[in-house]
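Please keep the sequence and the coordinates in view while reading.

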Amino acid sequence: MTSKYFLTIIASLVMLVSNAQQFTLEDSITWGNVTKNQVDDIIQKAEMGHSTYQYYLGRCYFNGLQMDKDKYKAVEYYGKAADKDQTGALYYLGFCYKYGMGVVKNESRAEQLFGKAVKWLEAEIEEDPYASYYLAMCYNYGFGVDVDYAKSKQYYEKSALMGNTQALVNMALDFQHGNNVAKDYAKALELFNIAAEAGNPQAQLSLGYCYLDGEGVPKNVEKANEWFRKAAAQGLPAAINALK
């Protein structure tokens with residue numbers, strides 16, 4: 001599933017990303033290490049009506065990033081952005097309706113939103129690595145499309161080849177936990193390692209736990225702490241807690 005050729009290409013590409021440190025605001029929100037100054041800027045631009053920042057603000061409220069968690073506020077801002085066909089907002093608002101988070105559960109409304117999200121995501125896959133990433137999740141979970149694990153893998157790989165290390169983390173987690181693939185700690189470790197070397201703090205945290213628990217590698221507390229420190233240095237709260 002993860003050929004050596006593919007991994008070599010990925011490793012070369014993500015190291016280029018790492019060297020340039022071209023991490024985006026969406027990366028920081030996904031990782032959970034967005035700063036207070038960044039959130040203040042998001043709030044300001046969201047209130048000015050910018051749909052992408054309304055979507056970002058929804059995610060900050062949903063996950064409690066530099067603010068108290070408030071799923072009702074998250075739905076409010078997802079809704080404002082979704083009204084303007086912001087793809088991420090369509091996806092996450094669909095998620096909220098599907099599972100009744102911050103809004104009354106409504107599966108038909110969720111499918112409507114997911115279907116619209118898929119349409120726009122497919123139009124953006126050549127420009128935005130997160131479009132392929134979200135499409136991969138849609139196919140993995142059957143959001144707006146039929147479940148298709150082969151297509152999910154294909155879109156994760158496309159996203160990764162465009163420099164999105166979070167796609168590698170998701171693939172690694174699938175191998176680590178045996179989600180729709182055979183459990184394979186060695187493959188999970190390989191993918192975590194590539195993303196971690198490229199600077200993804202969630203991958204660094206996960207790699208630290210692999211060393212701490214001896215999953216796919218010999219147990220090594222010193223190595224675990226080394227990766228925890230790297231993730232903590234980027235402000236990842238879970239890594240800071242892991243060091244404690």
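Helix 8 and helix 9 cross in a left-handed manner, where left-handed means that the near helix is turned anticlockwise from the far one by less than a right angle, and right-handed that it is turned clockwise. The helices named in this text, like any strands, are DSSP runs numbered from the N terminus (H or I with at least four residues for helices, E with at least two for strands). The model is a predicted one, in which local features need pLDDT of at least 70, side-chain atom pairs count only at pLDDT 80 or more, and totals for chains, interfaces and linings use all residues. Residues are numbered from 1 along each chain as its sequence is written, and side-chain values use heavy atoms, with hydrogens and water left out.

Two packed helices are described by the angle between their axes and the distance between the axes. Here axes are lines fitted to C-alpha atoms, for helices over the stretch in contact, and angles run from 0 to 180 degrees between N-to-C directions. For helix 8 and helix 9 (residues 149–161), the packing angle is about 165° and the axes are 8 Å apart. Helix 8 is therefore roughly antiparallel to helix 9; angles under 35 degrees count as roughly parallel, over 145 as roughly antiparallel, 65 to 115 as roughly perpendicular and the rest as oblique. On the helix 8 side, P129, S132, Y133, L135, A136, M137, Y139 and N140 meet Y149, K151, S152, Y155, Y156, K158 and S159 of helix 9, contact meaning heavy atoms within 4.5 Å. By class, this contact of helix 8 with helix 9 has 9 nonpolar, 4 polar and 2 charged residues. In this classification Ala, Val, Leu, Ile, Met, Phe, Trp, Tyr, Cys and Pro count as nonpolar, Asp, Glu, Lys and Arg as charged, and the others, Gly among them, as polar.

Helix 8 (residues 129–141) also packs with helix 7 (residues 107–124), at an angle of about 140° and with the axes 9 Å apart. Helix 7 and helix 8 are therefore oblique to each other, and helix 7 passes helix 8 in a left-handed crossing. In helix 7 the residues V118, L121, E122 and E124 meet A131, Y134, L135, C138 and Y139 in helix 8. The classes in the contact of helix 7 with helix 8 are 7 nonpolar, no polar and 2 charged residues.

The contact involves T87, L90, Y91, L93, G94, F95, Y97 and K98 of helix 6, together with E107, R109, A110, L113, F114, K116, A117, W120, L121 and E124 of helix 7. The residues of the contact of helix 6 with helix 7 divide into 11 nonpolar, 2 polar and 5 charged.

The loop between helix 5 (71–82) and helix 6 (87–99) holds Q86. Is Q86 buried or exposed? Q86 counts as buried because its relative accessibility is 12%; buried means under 20% relative accessible area, exposed over 50%, and partly exposed in between (1.4 Å probe, protein chains only). The side chain of Q86 reaches the backbone nitrogen of A89 at 2.8 Å. Not counting residues up to four places away in sequence, Q86 touches S51, T52, Y55 and A81.

Most residues other than glycine have a negative phi, and most peptide bonds are trans. Q66, although not a glycine, has a positive phi of about 60°; Q66 lies in the loop between helix 4 (51–63) and helix 5 and is partly exposed, with a relative accessible area of 42%. N180 has a positive phi of about 65°, and N180 is not a glycine either. N180 is placed in the loop between helix 10 (165–177) and helix 11 (185–197), and at 40% relative accessibility N180 counts as partly exposed.

Leaving aside neighbours within four places in sequence, L212 is in contact with K219, V221, A224 and F228. K219 lies in the loop between helix 12 and helix 13 (221–233) and is exposed, with a relative accessible area of 64%.

Notes:
Polar contact = N/O pair within 3.5 Å; in protein donor to acceptor, adjacent residues only side chain to side chain.
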